[in-house]
Amino acid sequence: MLLERLSNAFGPSGCEEEVRDLILEAIKDDVDECRVDALGNLIALRRARAASTKRFPQKVMVAAHMDEVGLMITHIEKEGWLRFSNVGGIHSRVLTAKAVVVGSQRVPGVIGTRPIHLLQEDERAKLPRIQDLYIDIGASDRSRAEQLVKVGDYAAFATKFTMVKESTLRAVKGKAFDDRAGCAVLAELVKGDYAFDLYSAFTTQEEVGLRGAQVAAYSVEPDVAFVLEGTVCDDTPKKRDVSSVTQMGKGPAITVMDRSVIVDKRLARLLLNSADDLGIPHQFKQSVTGGTDAGAIQLSREGVPTAVVSVPSRYIHSPVCMLSLSDLEHTVTLMTEALHRLEGGLPE
Amino acid sequence: MKELIRRLSETYGPSGSETKVRQLIEEEIRPLSDQVRVDAMGSLIALKKGDGSGLKVMLAAHMDEIGVIITHIDEKGFLRFGAVGGLRPLVLIGSRVSFANGVTGTIGVEKLDTPEKTPSLDKLFIDVGAVSKDTLPVGVGDTACFTRPFVDQGDRLTAKAFDDRIGCAVLIEVLRTLTRTPHDVYFVFTVQEEVGLRGARTSAYGVNPDVGIAVDVTTTGDTPEAHPMAVVLGNGPAIKVKDSGMLTHPGVKNLLVDTAERLGLPYQIEVLERGSTDGCAMQVSRAGVPTGVLSIATRYVHTPSEMVDYNDVLNSVKLLVGLLGGPISLT
């Protein structure tokens, strides 16, 4: 399964090569042109396979980001401990006592923590700060550590993709579903025949500020864009009758608004109508927090009508996420239908 | 002009849902413009052609206003919501909001553990008077804005959404009054200013102007125990020098000041410590655009009752018409 290989790949923001190579291998036979731009985005073109009935849109861009949140080594202590900083949004509470791999040699390491025996009463209620944490690669001193790791090296969570015991939700767990889920969906969409040029943009550095998408959109100059995401899913136990952002197993989540974008209403309607007519389960992303590549793409040049579709993913920005393969497959079906309907132009 | 201001202010138009405002403005300006178009983000761009000897000037005022967006509907049919733009919970409780389909909702608040503290947004909800969840006339993703009638108090006017319908009114009136200009003047009514100057960014790229002027509201320091600020209602159009998003191009600032002096119009200098306008996005478009901001002093910005002085509005129109009537040199 492509999602499994993508999830297991090492790819913090700015270090997306391993992910990119996997995607390139998966899609190269289905696209007419492929290039890697200055920021490392993989931009693949599949030309129109049918004559269009409309003059608009001619170019449609679908984007998913390859990068994941991770860590970067900032300092090596003389005892061999690696100090680090976060790359993208990671809260320190998900870091302690986690297995990671570091640098180009993929050195295994552990983010150290003190056992409960040694914690004072007041320390137990406190959260550690990232600057107080360290990665332990078992090196006896700095010079040993430096043979394996350099300052500036990246670290990623060492999580292996696994099928969860059979369930109706067909759940899988692994790291970086934000946004390898989107990449997996996009790699499927690439195979479709459309009456417009389809530009698949596998972007870099989303987690540090939508940077890859900004330049990809500038060069592609699309008429319409979609962004595929692995988004927050918090359908976990709650005390009050308040919103879940999304729920696992309830289908792809359609965004109306988040911090970065107010989705084009025509595209949102196109997605909703596609889902309703085909009976595809779907939901709204019920929160206005978070941002995606759509924020950068819609503001490119003179503006681009843009929409966002997400695969609900529990526990994103942590060492292990969980999603439903049914949601993933429904996202492919929904997007395929929406893209075909787009051949007739934007709805009024 | 008061009737135009009334209609603009009372129209529904939270960020991302500017269609009704755009339709109203389009009706007003179509007969006055040489060219009108709507760009990909929804901004309305009207061109009044010059005689060919001048510059390409972009005037911008934003059509959108702050509002709320439904994020969740509970079992009893109460709506939880998020903010569209800079919304403060303090001014929300008891306020009424209206949706695109005309449905009105009242903002209520949960029982508070600490009533002396301003509650956060997640303690508030909207009640549209539904007796059951099944018959709700609105859904998740729908946006609403304040609903409040325009009040004419003589010199002073009070309404919702003067931020920035008052700027839209000024642009329309300038277009109406401006008979002759050397410049190609683009009157741009932007979208999504309140959520991050988004419409101005893409429309400025599209227009590619030589000079930009945003027309927007600014806060004042003339109310009881206000944060100190040297802007007063009725003291004339405010010419911006700085806000938290931009430093005004000195040439454009001088041009505004010199024009006011030449025409004998009152004006005041504005330094805004918090907040910004479309001018911030326009000045960094492409290779950069010399940009200034003409502000209308406004009390109670981002509340359901914003107040302006009508004379400031009229003088802003005169200032811009005077500026656009002659050659522009930025020194």
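1. Over all chains of this predicted model, the count comes to five aromatic pairs. Here the rings of Phe, Tyr and Trp (its six-membered ring) pair if their centres lie within 6.5 Å; planes under 30 degrees apart count as stacked, over 60 as edge-to-face and the rest as tilted.

2. One of these pairs joins Trp81(A) and Tyr134(A), whose ring centres are 5.0 Å apart and whose planes stand at 50°, so the pair is tilted. Trp81(A) belongs to the loop between β4 (70-76) and β5 (82-87) of chain A, and Tyr134(A) to the loop between α3 (121-124) and β8 (135-136) of chain A, so the pair ties together parts that are 53 residues apart in sequence. Helices (H or I, at least four residues) and strands (E, at least two) are DSSP runs, numbered from the N terminus. Trp81(A) is partly exposed at a relative accessible area of 31%, and Tyr134(A) is partly exposed at 24%. Buried means under 20% relative accessible area, exposed over 50%, and partly exposed in between (1.4 Å probe, protein chains only).

3. Phe150(B) and Phe162(B) form an edge-to-face aromatic pair, with 6.4 Å centre to centre and 75° between the planes. Phe150(B) lies in the loop between β9 (143-146) and β10 (151-153) of chain B, while Phe162(B) lies in helix α3 (residues 162-177) of chain B, so the pair ties together parts that are twelve residues apart in sequence. Phe150(B) is buried, with a relative accessible area of 14%; Phe162(B) is buried at 0%.

4. The next point concerns the interface. The contact takes 26 residues from chain A and 26 residues from chain B, where contact means heavy atoms within 4.5 Å. The two chains, A and B, bury about 2100 Å² between them, and 54% of this is on carbon and sulfur atoms. Buried area is the accessible area (1.4 Å probe) that two parts lose on being put together, summed over both.

5. Which residue of chain B forms a salt bridge with Glu302(A)? The partner is Arg37(B), and the closest N and O atoms are 3.6 Å apart. The rule finds one salt bridge across the interface of chain B and chain A; it requires a side-chain nitrogen of Lys or Arg within 4 Å of a carboxyl oxygen of Asp or Glu.

6. On the side of chain B that touches chain A, β4 (67-73), β5 (79-84) and α4 (198-207) of chain B each supply at least two residues. The element α4(B) gives the most, with five residues.

7. Ser313(A) is found in strand β16 (residues 306-314) of chain A and is buried, with a relative accessible area of 1%. Leaving out residues up to four places away in sequence, Ser313(A) touches several residues, among them Phe177(A), Thr231(A), Cys233(A) and Leu323(A).

8. Ile254(A), in strand β14 (residues 253-254) of chain A, is buried at a relative accessible area of 0%. Its contacts, not counting residues up to four places away in sequence, include Leu271(A), Phe284(A), Val308(A) and Leu334(A). The C-alpha atoms of Ile254(A) and Gln286(A) are separated by 9.1 Å, although these residues are 32 apart along the chain.

9. A note on conventions follows. Residues are numbered from 1 along each chain as its sequence is written, and chains are lettered from A and ligands numbered from 1 in the order in which they are written. Local features need pLDDT of at least 70, side-chain atom pairs count only at pLDDT 80 or more, and totals for chains, interfaces and linings use all residues, while side-chain values use heavy atoms, with hydrogens and water left out.
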